[in-house]
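Okay, thanks everyone for coming. I'd like to walk through one model with you today, strands to begin with and then the holes and the ligand. Let me put it on the screen.

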Amino acid sequence: MTNPGMREQYLEAMGIPVWVLREAAVPEPAADEVQPADAGGTDSQEAAPTPGAPDTAGNGRAVEWSDLQETVRTCTRCALHEGRTQTVFGVGSRTADLLIIGEAPGAEEDRRGEPFVGRAGKLLNAMLAAIHLAREEVYIANILKCRPPNNRDPRTDEQATCTPYLQRQIDLLQPRVILALGRVAAQWLLQSDAPIGRLRGRTFEYGSQSTPLVVSYHPAYLLRSPLQKSRSWEDLKSVKRLLKDP
Ligand code: URA
């Protein structure tokens with residue numbers, strides 16, 4: 001759990017003047033609101049289960065998670081597999097309440113096998129910390145599991161081919177809230193062509209479980225357009241509210 005005393009530092013890292021945030025801040029969570037550290041499994045490129053090891057997923061679905069992870073690791077269903085260093089499955093707690101969905105791995109993610117580990121990932125960690133969540137407490141995945149060449153936008157056929165994996169992750173995780181980061185993730189999940197400015201600021205219902213889904217700006221965009229960080233902060237506060245009371 002994030003040290004509450006670090007909060008202003010994280011907010012400053014997000015580029016938001018502290019006085020604005022103090023005025024608009026979500027109340028500091030009481031001790032009993034603080035989410036416990038994950039008792040379940042976590043995913044990373046190192047997280048492949050040891051054969052014969054006990055089920056540590058915490059939600060009784062370790063085998064399904066590891067089968068899915070292996071299927072993704074060896075996937076050749078689209079041409080993106082030809083250019084990847086490795087697939088980027090997802091990372092975080094398999095019992096997380098919050099699922100964050102980005103677009104696709106970039107160069108650093110392709111190299112390390114973990115989503116959001118570059119500059120945008122550092123900002124994402126700071127954004128999470130501002131709502132008192134550690135990266136390890138949420139689950140982070142992408143629409144695509146493989147890096148598109150030269151970081152181009154995912155193509156529709158690639159998204160259609162790859163997102164059954166994401167859907168299976170959602171089914172296994174059963175998050176209480178989904179945060180879609182950026183236009184690509186938002187438009188795909190909502191099957192909309194509306195600009196992101198029209199998709200953010202609302203709460204959608206996703207899938208058969210009607211999971212609350214919030215759209216916000218991609219951290220990479222926020223790095224380029226820091227003035228939008230105050231809107232992103234509004235979105236994060238919505239996420240926090242929904243996690244308390246979906
Ligand atoms: N951008 C994304 O959308 N996902 C990542 O994993 C990294 C950068």
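Start with Thr203, which sits opposite Val214 in strand E7. When I say strand or helix, I mean a DSSP run, E with at least two residues for strands, H or I with at least four for helices, numbered from the N terminus. Before I go on, the ground rules: this is a predicted model, where local features need pLDDT of at least 70 and side-chain atom pairs count only at pLDDT 80 or more, while totals for chains, interfaces and linings use all residues. Residues are numbered from 1 along each chain as its sequence is written, and side-chain values use heavy atoms, with hydrogens and water left out.

So, back to that pair. Thr203 belongs to strand E6 (residues 203-206), and E6 pairs with E7 in the antiparallel sense over four bridges. Pairing here takes at least two DSSP bridges between the two strands. The two make a hairpin with four residues between them, and Gly207 in the turn has a positive phi of about 70°.

E7 has another partner to mention: strand E5 (residues 177-181) pairs with E7 in the parallel sense, again over four bridges. There, Leu181 stands opposite Ser216.

How many of the six residues of E7 are buried? Six of the six, so E7 (residues 211-216) is largely enclosed by the rest of the structure. Buried means under 20% relative accessible area, exposed means over 50%, and partly exposed is in between, with a 1.4 Å probe and protein chains only. In a regular strand, side chains alternate between the two faces of the sheet. In E7, Thr211, Leu213 and Val215 point one way, and Pro212, Val214 and Ser216 point the other.

Now over to strand E4 (residues 139-142). Tyr139 and Ala141 point one way, Ile140 and Asn142 the other way, and all are buried. Strand E2 (residues 91-93) runs antiparallel to E4, with two bridges joining them, and Gly92 has Tyr139 as its bridge partner. Strand E3 (residues 98-102) pairs with E4 in the parallel sense over four bridges. In that pairing, Ile101 is partnered with Ala141.

On to the ligand. Which residues are around it? Gly102, Glu103, Ala104, Glu109, Pro115, Phe116, Asn142 and His218, each with a heavy atom within 4 Å of it.

For polar contacts, think N or O atom pairs within 3.5 Å. A ligand oxygen lies 2.7 Å from a polar backbone atom of Glu103. A ligand nitrogen is 3.1 Å from a polar backbone atom of Ala104. And an oxygen of the ligand is 2.8 Å from a side-chain N or O atom of His218.

Next, the largest pocket, at about 390 Å³. Since you'll ask how: on a 1 Å grid over the protein atoms alone, a pocket is an open set of points with protein on both sides within 12 Å along at least five of seven lines, a cavity is a set where a 1.4 Å probe fits but cannot get out, and lining residues have an atom within 4 Å of a point. Points are joined across faces, edges and corners, and the volume is the space filled by probe spheres set on them.

That pocket has 18 lining residues, and nearest its centre are Ala104, Gly106, Glu109, Asn151 and His218. H5 (119-130) gives the most to the lining, three residues. By class we get six nonpolar, six polar and six charged. Nonpolar covers Ala, Val, Leu, Ile, Met, Phe, Trp, Tyr, Cys and Pro, charged is Asp, Glu, Lys and Arg, and the others, Gly among them, are polar.

Most residues other than glycine have a negative phi. Phe116, in the loop between H4 and H5, has a positive phi near 50°, and it's buried at 6% relative accessibility. Asn151, in the loop between E4 and H6, has phi near 55° and is partly exposed at 45%.

Of its 15 lining residues, Cys75, Cys78, Lys145, Cys146 and Cys162 are closest to the centre. Helix H6 (residues 156-173) supplies the largest share, four residues. The lining splits into eight nonpolar, three polar and four charged.

That's my tour, over to you.

Definitions and conventions. A polar contact is a pair of N or O atoms within 3.5 Å; within protein, one must be able to donate a hydrogen and the other to accept it, and residues adjacent in sequence count only if both atoms are side-chain atoms.
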